[in-house]
Amino acid sequence: MPLSRRRLLAATGAAVPLLLVAPSAVAQPAAPPDLATPEGWLTWISANRDGLGLVVDDGRGNRLLHRADAAQPLASAVKVVHLAAYSAAVAEGRLDPEEQIRLGDWERFYVPTDGNAHATTLKYLGIPTDPTGLYAADPDHRVTLDDMASAMIMFSDSAVPDFLRNRLGDAALRKAAAAGGWARPDIRSMCAEYLFLLPEFAPPAQLPTPARRIFGYALEQRYSNDADLRKRVLDRLMGNGLPPYEQQLRWGSKTMSSTATQLASLHRAIATGGVPAEAARTHLERPLSGHLPPGVLGIGMKGGSLPGVLTCGMSVRRQDGTVAWGALLAHGDIALEQVGTGDPGLPLLLAMQQPEWRNRLARALAG
């Protein structure tokens, strides 16, 4: 494969939360499978079939399904919904991609538990940071709205989705997802979900998802409109860090979820033009645009990771007119080391492009 493991990992945009706990303090298996390799994924899948949701359609008449309609955590893979809504708004003239956005307005939704995704974005855009290295030094500095959309996919910036949801409204996000075959997406405040990691902000333990969403929206409004609160949260994270990994695992299980079928359907619609997709396709395909295998026009992908969660949605457009598409949702026995290095896009791409590897994957799923 001309795609290196490092390039594919970067393309998934799988930002890892800021896990402020020493790996040595976390109980882990002696030698967990290396989820940055194909063989490691086969080993993990063979032992964790009930923790995997999978859809692979190679666009040439071959399809592989496993727990395709079982809801599982999405992590940052959910951001394709926000991207689809942004793309539709641009196509319909409701948003100008060149609109200048103030950094301070973007960063009102930023919670620094994103594995330095936002800091990496600022560095990429050439924006000086404050002494923490996490925020822009000048909150009045401006960037284009399209740069923000790009950062949401390329670096998995988690403040952008909430900015876009507040700008466009929930209905616009649901409409864009539904146009791509994903009815009733689990749209929540990502800002609030990260804040829920801290006990002082956590919602009641048994709160149903709809009520959790409302609770989160209210918390997001408090946080985004209160600079003192944002400063207290930053000081709390810098001073005490996050709860132990085991508690983070329980938190990750309650975050945004969907089925592999739903996620894969939206990626397929973007790749085939089933939704107003020009802007969305551009952003999803940009990370791998310079490293395409022969015969491939574009690989669009968005992945994610949280404690115990690795995910990816993907499409492959080929020169012969065929389009492969799919999604992988892994949840469960995933150690801290695997979250940090795992590449959920790797098994998807191989299954789409290599029949022999897809057959091996099918055997692993069958036991």
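Author: A polar contact is a pair of N or O atoms within 3.5 Å; within protein, one must be able to donate a hydrogen and the other to accept it, and residues adjacent in sequence count only if both atoms are side-chain atoms. The side chains of Lys-302 and Ser-156 are joined by such a contact, at 3.0 Å. The model is predicted, with local features requiring pLDDT of at least 70 and side-chain atom pairs pLDDT 80 or more, while totals for chains, interfaces and linings use all residues. Residues are numbered from 1 along each chain as its sequence is written, and side-chain values use heavy atoms, without hydrogens or water.

Lys-302 lies in strand β7 (residues 296-306); strands (E, at least two residues) and helices (H or I, at least four) are DSSP runs, numbered from the N terminus. Lys-302 is buried (under 20% relative accessible area, 1.4 Å probe, protein chains only). Even so, Lys-302 has no salt bridge (a side-chain nitrogen of Lys or Arg within 4 Å of a carboxyl oxygen of Asp or Glu). Asp-157, the nearest side chain of opposite charge, is 11 Å away; here Lys and Arg count as positive, Asp and Glu as negative, with His and the chain ends not counted.

Elsewhere, Phe-109, in the loop between α4 (103-107) and α5 (117-124), pairs with Phe-163 of helix α7 (residues 160-168), 54 residues apart. Phe-109 is buried at 3% relative accessibility, and Phe-163 is buried at 10%.

Methods: Buried < 20%, exposed > 50% of the residue type's maximum accessible area, 1.4 Å probe, protein only.
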